[in-house]
Amino acid sequence: MAEKISDDFNYVGKPVRKVDSLSLARGEARFTDDYDIQNEVYGVFLYSDIPHGRIREIDTAEALSIDGVIDIFHHGNTPNTLYTSAGQGYPEPSPYDTRLFDSVVRFVGDRVALVVAESEEVAREAAGKIKVNYEELPAVFDYERAEEPDSPRIHADGEFPKIPVAYLPEKNIAAKIDIGFGNIDEGFKEADFIVENTYRMQYASHCATEPHVARAYYDDRGRLTIVTATQVPFHARRIVSMVLGIPISSIRVIKPRIGGGFGGKQEVILEPYVALITVRTGRASRIKLSRKEVFVSSRTRHPMRVRLKTGVKKSGEITALEMDALMNNGAYGSHALTVLSNAGSKVLPLFNKIPSIRFRGETVYTNLPVGGAYRGYGATQGYFAFNQQIDIITRKLGLDIIEYCKKWHIREGETSKIFEALGEGKEGVSQVIKSCKLDECIDRGAAEIGWYEKRGKRRKLDNGWVTGVGMAIGMQGSGIPLIDMGSASIKMNEDGSFNLFIGATDLGTGSDTILAQIAAEVLQVPVDKMIVLSSDTDLTPFDVGAYASSTTYVSGSAVKKCAEKIRKDILEVASQMLGEEVSGLKVKEGTVVSGKTGESVSYSDICTYSLYQGGQHQIQAEASSVMPESPPPFIAQFAEVAVDVETGKVKPLRFVSAVDCGQAINPVLAEGQVEGAVVNGISYALTEEYRFDKKGRMVNPSFGNYKIFTAPDIPEIKTILVESYEETGPFGAKSVGEIAINGPAPAIANAIYDAVGVRLFETPFTPERVFKALKSREE
Amino acid sequence: MKADFIINGRRESLEFDSRATLLEVLRNSGHREVKSGCENGECGVCTVLLDGIPVNSCMVLAASVIGREVTTIRGLTEDDDTGLSPVQEAFAEAGGIQCGFCTPAKVLVTYSLLSRNPQPSDEDIMNALDGNICRCTGYVKILDSVKLAAEKLKASGKESRKERGK
Amino acid sequence: MNKSTDPEIHIERGELSWRYPQKLSEVPELLSEGYIPHGGGTTLVKTPLVKSKVKRGRGFFDLSRLKELKAFSLSGGTCTIGAGLTYAEVVTNISTFDINHILVKALSRAASNALRNRITIGGSIATFPVWSDLAGPLIALNSRLKLLDSSGKESTCGIEEYFKDRSIGRNKLILYAEVPASASVSYYYREVRTRFDYPLFTVSILPSGTGGMAKAAGGAEATGIAKAAGSVGATAATSGPVGSESTGDSAGSYIVVVTGTRGKYRKLQVASSASNLPKQPDETEKTGLQFPDRQGMSGEYLEHVARVQIRRGLEMLEKAAGQGRSK
């Protein structure tokens with residue numbers, strides 16, 4: 001069956017209600033913390049209150065004597081296997097620099113011990129009674145100084161990279177990249193002028209409403225079952241097995257409903273510890289982080305400094321581009337190489353006609369909270385720099401940024417050398433762009449925001465507020481080519497329903513639903529005939545998990561392939577039943593119809609026949625997909641802001657995103673992905689930040705002090721899904737999960753410039769920072 | 001301590017610590033539909049209705065609301081009912097549910113708002129939801145959901161008036 | 001079992017004890033026994049006494065059964081706000097007669113919906129956190145408080161007295177606050193990063209006459225605001241209990257209260273127009289608008305913003321007054 005355009009779809013491209021929406025709306029759906037597990041013990045961590053030190057002694061005697069305390073784990077009584085908590089494919093590109101407990105603590109909030117008790121209160125009380133004697137070591141908090149010779153070295157205990165990549169702990173370097181092509185020096189020489197700027201982005205928390213939580217117990221067959229809020233159940237199983245030396249066959253990981261992830265749960269933080277408790281005590285166990293612990297001791301967005309140097313001709317042609325990125329990974333190197341890499345690999349192909357490009361980057365260790373995967377994954381930081389740089393260049397040249405971007409961005413049928421040069425921990429994969437509707441995104445977005453009526457107009461509102469508009473464009477990827485793998489299996493039931501088993505992890509995004517829609521489209525049955533079960537390592541086939549914008553494209557392709565096998569089997573059985581060649585049959589509304597006679601047989605009859613009558617077998621299939629490419633979605637984003645020139649306050653008024661995500665499998669859910677990312681991006685650009693005291697202690701680890709937007713704070717938001725079709729994707733789909741978080745910061749920065757003529761090179765654009773910029777311009 | 005509460009219209013006699021919050025008491029007594037996100041009154045995930053108005057159950061000491069009516073999301077539909085109330089229906093339809101962790105709270109706030117203000121302005125909706133964090137939706141489809149819920153309630157109100165008229 | 005006023009409630013020995021007075025007359029004894037009044041509980045729930053579940057001892061008495069504390073009345077130009085009323089209830093009550101009352105402006109945006117339904121006037125006054133959206137307006141309104149002590153004696157005090165001398169409120173229960181009913185000519189500003197935030201500072205501005213209440217609580221003599229020292233352009237600052245001179249109506253001057261400053265709040269009297277507000281930092285001492293660094297923002301910056309907002313507020317009120325006069 002040939003692919004069809006979207007109008008011909010029956011189940012794809014439709015705003016089908018989420019398959020879990022009924023149970024979620026009723027409050028019946030269970031999240032990790034909602035399971036009734038009997039006879040459970042609680043684990044509470046004791047964290048380091050110093051930024052760097054060696055533990056001389058841990059005295060647990062008093063804590064252990066408290067009624068209800070069962071055990072206390074620390075570096076002296078647990079395995080010291082090195083691993084990475086990054087939930088990535090094996091072998092992971094992140095350094096193995098983490099132990100369950102270490103004799104060295106590396107940031108305020110590092111794990112020192114785990115108290116196991118009959119109740120959470122008792123465990124917390126006991127944690128307070130543990131006496132730790134440290135030899136304090138000097139600490140480094142400024143990542144721009146981490147490599148300096150007098151900065152203390154943070155990892156010097158045999159930490160190592162699992163794959164052959166540059167790892168230089170002796171210089172506090174957790175990862176290093178240096179790639180390029182063309183002749184960069186010549187390129188700069190050819191240029192009429194050079195634009196060089198340094199941009200900085202800050203720490204941020206994912207702020208999933210559900211804090212990290214994991215539970216473990218032995219099931220009635222004595223297998224270790226871990227119920228956990230994770231984006232990566234299969235990686236979690238593998239890492240628990242490795243760290244604790246338990247065979248994979250003895251571990252089952254179940255991901256129930258999960259209250260948001262955004263990358264924060266692509267990290268195997270709690271699973272090894274609940275497993276440890278259950279293995280050591282034989283009891284069911286639970287660890288749930290408090291909000292403060294989530295802020296300080298889980299994972300964050302990596303702060304990054306990006307220096308961009310561009311050689312530009314008067315014609316506007318960029319002759320050379322040099323990107324220099326420095327990333328702060330905090331105390332451990334989770335995602336050190338790959339987030340850094342993405343700052344280049346997701347950004348630099350966009351203007352693919354630049355003849356000479358060099359991308360250098362380093363990730364460094366500091367004595368601060370740990371970075372990890374975060375929606376956008378380095379592209380956010382890269383695009384913040386890139387989109388402002390383009391705004392600066394076009395303003396310098398007096399060119400219309402809209403036309404400029406349309407002239408220079410990558411187009412269908414084109415490629416970029418970056419695709420091949422820069423992968424995830426190894427070389428990338430060459431690819432030619434098959435779908436790119438960025439021109440249309442730019443035009444429709446510009447029309448929606450009223451670009452030409454507003455740009456440069458500096459409309460004055462009451463009390464000294466002035467408005468401006470700004471734009472940002474971008475691309476992301478759809479999974480990691482030749483690395484990410486998703487798989488699915490389907491079996492048919494005699495009422496014409498299907499069990500769809502997928503390893504893919506729905507973290508609220510609606511992937512269970514869109515994967516069901518893909519299967520439903522192939523099989524031509526309503527989505528409610530697909531019974532979805534996902535993310536249970538005992539029941540579902542493997543999937544790398546929910547990250548890298550991979551699920552729709554990679555797992556979706558697996559589901560489509562699998563459903564096609566089922567359809568073939570169904571047609572073959574129907575062929576026997578109808579006495580007609582398969583080629584003359586087609587599926588329609590849960591039946592197989594004969595092209596000749598118009599006679600039909602229902603799925604229910606087909607399955608019943610196959611189970612009990614002719615050619616008896618279970619109609620079932622499985623399929624896996626690894627994609628040889630990663631077609632980028634494209635986006636154009638527009639901000640209209642008002643700036644209070646007297647105080648520096650910035651108020652976002654409107655925000656428009658026009659996105660080419662290929663065929664949206666479910667437009668409402670696709671819009672939801674864009675809108676969620678946009679608001680997270682705006683909130684990050686304007687208010688979110690980690691503040692530390694002189695000892696590296698985060699001073700604002702609560703929603704009261706770390707502010708994220710709620711409903712009254714949002715601007716008027718508009719999302720446009722531009723019609724597009726990616727031939728390599730399932731029913732034309734690409735990804736949409738991450739891309740929209742990259743544009744808000746640069747679009748707002750560009751809009752601020754448009755309004756008041758000051759350039760913000762560092763997020764967040766707090767009122768005081770904008771005020772200072774306004775003031776220094778005056779002087 | 002031990003005392004009665006009226007939870008979703010049913011009297012429940014519960015034993016709890018005198019320092020316990022309503023959130024702890026509800027969850028410990030099996031009301032897992034009430035979620036916990038910060039235990040500091042700052043995320044709104046644990047919102048329940050106390051005598052019909054939204055409160056953060058993590059900020060209410062259970063001992064202070066003995067005997068009062070507590071409504072959780074389960075109170076919006078009948079026990080044996082597998083359906084949804086119009087507000088829940090609206091959230092499911094308009095894309096107001098992504099991860100669903102904050103959904104019970106937002107649905108309850110909406111229900112409470114619409115029961116007192118059936119045709120809220122955008123401003124009214126924003127004010128009602130100003131303490132409920134959502135990181136998934138960007139609030140756009142939450143606002144759509146509330147407006148759709150208002151329409152649905154209006155329509156069902158007309159329906160039931162018609163019913164009564166018969 | 002501890003003694004409980006409610007037979008339906010059983011409290012085990014050793015637990016934090018709870019009392020549920022039904023009548024105000026039960027309160028003095030509870031106060032003298034050291035019980036802590038519990039209104040909405042939003043502050044108490046964060047105290048170590050509650051947070052640390054392993055600690056034992058002491059107790060609360062819950063105010064929700066005391067009808068007197070839920071009373072709201074309006075007479076002779078004065079609003080009496082029961083201390084047990086929540087922010088949301090106060091907004092609802094005052095909105096019925098003055099939707100622009102400064103307390104409506106301030107409290108309708110305070111904290112969050114769910115918290116506005118729990119935070120009570122009494123609890124908010126008693127704890128006076130720096131971020132309070134209630135304190136500034138009450139000070140500007142020159143509110144009077146009625147207190148009940150452990151001997152059963154009622155007393156009255158001005159809101160500033162209460163805030164300045166914490167011993168006044170010790171071991172007493174706030175029964176109600178009185179404010180002028182008319183305060184729609186007013187300006188309120190809260191410095192926040194997002195809507196649901198606790199203000200870094202607040203600015204409340206009222207025309208001078210507003211705070212002089214016709215009839216004060218318990219029949220006590222009304223106290224107005226100390227009049228500015230005469231000369232045009234000068235600003236007077238008060239920080240402690242105010243003087244005894246009642247100003248009545250001093251046309252063209254404004255009371256400006258800024259909370260969140262060093263020393264918690266400052267009250268200024270600004271004569272006639274916005275242009276009289278000192279703009280130079282070297283006059284800071286005189287007007288007392290110094291701020292500590294908060295939430296990553298410097299004190300200097302906060303002071304700058306406060307001055308801008310005060311000026312805007314005054315301009316707005318002047319403009320409104322001008323329009324009123326021209327009509």
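These questions and answers go through some of the terms used for this predicted model and the reasoning behind them.

Q: What makes β4 and β7 of chain C the edges of their sheet?
A: The open sheet has five strands in the order β4-β5-β8-β6-β7 of chain C, paired in the antiparallel sense. Both β4 (72–75) and β7 (154–158) of chain C have a single partner strand, and therefore one side of each is left without a neighbour in the sheet. Direction ignored, neighbouring strands of this sheet are turned by 20° against each other on average.

Q: How do you know that β6 and β7 of chain C count as a pair?
A: Two strands pair if at least two bridges are found between them, and strand β6 (residues 144–149) of chain C is joined to β7(C) by five bridges in the antiparallel sense. In one of the residue pairings, Leu147(C) has Ser155(C) in β7(C) as its bridge partner.

Q: Why is the crossing of α8(A) and α9(A) called right-handed?
A: A crossing is right-handed if the near helix is turned clockwise from the far one by less than a right angle. The axes of helix α8 (residues 336–345) and helix α9 (residues 379–397) of chain A come within 7 Å and cross at roughly 35°, and the crossing is right-handed. Asn342(A), Ala343(A) and Gly344(A) of α8(A) make the contact with Ala379(A), Gln381(A) and Gly382(A) of α9(A).

Q: What makes four residues of the contact of α8(A) with α9(A) polar?
A: Ala counts as nonpolar, while Gly is among the residues that count as polar. By this sorting, the contact has two nonpolar, four polar and no charged residues.

Q: How do you know that helix α2 of chain B is largely enclosed?
A: A residue is buried if 20 or more other C-beta atoms lie within 10 Å of its own. Eight of the eight residues of helix α2 (residues 86–93) of chain B are buried, so the helix is largely enclosed by the rest of the structure. Among these buried residues are Gln88(B), Glu89(B) and Phe91(B). Just after α2(B), Gly95(B) takes a positive phi of about 80°.

Q: Which element supplies the largest share of the side of chain B that touches chain C?
A: The contact takes 27 residues from chain B and 24 residues from chain C. On the side of chain B, at least two residues each come from β1 (2–7), β4 (53–56) and α4 (122–128), and the largest share, four residues, comes from β4(B). By class, this side has 12 nonpolar, 10 polar and five charged residues.

Note on methods
Residues numbered from 1 in each chain as written. Chains lettered and ligands numbered in written order. Predicted model: local features only at pLDDT ≥ 70, side-chain atom pairs only at ≥ 80, totals over all residues. Axes fitted to C-alpha atoms, helices over the stretch in contact; angles between N-to-C directions. Contact = placed C-beta atoms within 7 Å. Buried ≥ 20, exposed ≤ 12 C-beta atoms within 10 Å, placed from the backbone.
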